[in-house]
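Biologist: I have a model open here and would like to go through it with you. Could you start with how far to trust it?

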Amino acid sequence: YQRRVHGEEADRKVTSLPPTAQVAAQQGDYLGQQLNRRATGAAPLESFHYNHRGAFSYIGGGEAVYDSKLIRTHGAAAFWTRNILYFGKLLSWEAQRNVFFDIFWARYGGRDLAEVL
């Protein structure tokens with residue numbers, strides 16, 4: 001019984017944050033800062049605090065939804081804002097080019113390869 005209680009408590013702590021890339025990126029930044037502080041002998045940071053910056057969701061048909069504490073929007077404007085922000089996260093121009101062509105092809109060429117071949 002004791003083991004089960006500890007497992008449930010650990011699970012509650014682990015799953016208290018949404019399993020998203022936004023959380024992982026913030027945790028990675030925090031961990032990097034902690035490791036740098038440890039290497040230089042500086043005092044450790046306070047415990048990790050997640051800062052929710054909003055969420056984009058693609059809903060199909062060239063539309064998306066954005067929801068944050070300050071802004072809620074949907075439609076084509078949210079879709080293109082999502083794509084522009086996504087481009088900014090890509091590290092190389094090759095990746096940006098590939099994603100651009102994928103979006104362009106999906107929009108104007110369709111997704112069914114059987115029609116093309």
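Modeller: The score to look at is pLDDT, the predictor's confidence in each residue, from 0 to 100. The mean pLDDT of the protein is 82, with 80% of its residues reaching 70 or more. This is a predicted model, in which local features need pLDDT of at least 70 and side-chain atom pairs count only at pLDDT 80 or more, while totals for chains, interfaces and linings use all residues. Residues are numbered from 1 along each chain as its sequence is written, and side-chain values use heavy atoms, leaving out hydrogens and water.

Biologist: Which elements have the lowest and the highest mean pLDDT?

Modeller: Helix α1 (residues 2-14) has the lowest, 57, and helix α2 (residues 21-40) the highest, 93; helices (H or I, at least four residues) and strands (E, at least two) are DSSP runs, numbered from the N terminus. Where pLDDT is low, the predicted coordinates should not be read in detail.

Biologist: OK, the sheet then: what is the strand order?

Modeller: The order is β1-β2-β3 in an open sheet of 3 strands with antiparallel pairing, where two strands pair if DSSP finds at least two bridges between them. The edge strands, each pairing on one side only, are β1 (55-60) and β3 (72-75).

Biologist: How many bridges join β2 to β3?

Modeller: Strand β2 (residues 63-67) is joined to β3 by 4 bridges, and V65 stands opposite H74 in β3.

Biologist: Changing topic, is Y108 buried or exposed?

Modeller: Y108, which lies in helix α4 (residues 93-108), counts as exposed because its relative accessibility is 61%; buried means under 20% relative accessible area, exposed over 50%, and partly exposed in between (1.4 Å probe, protein chains only).
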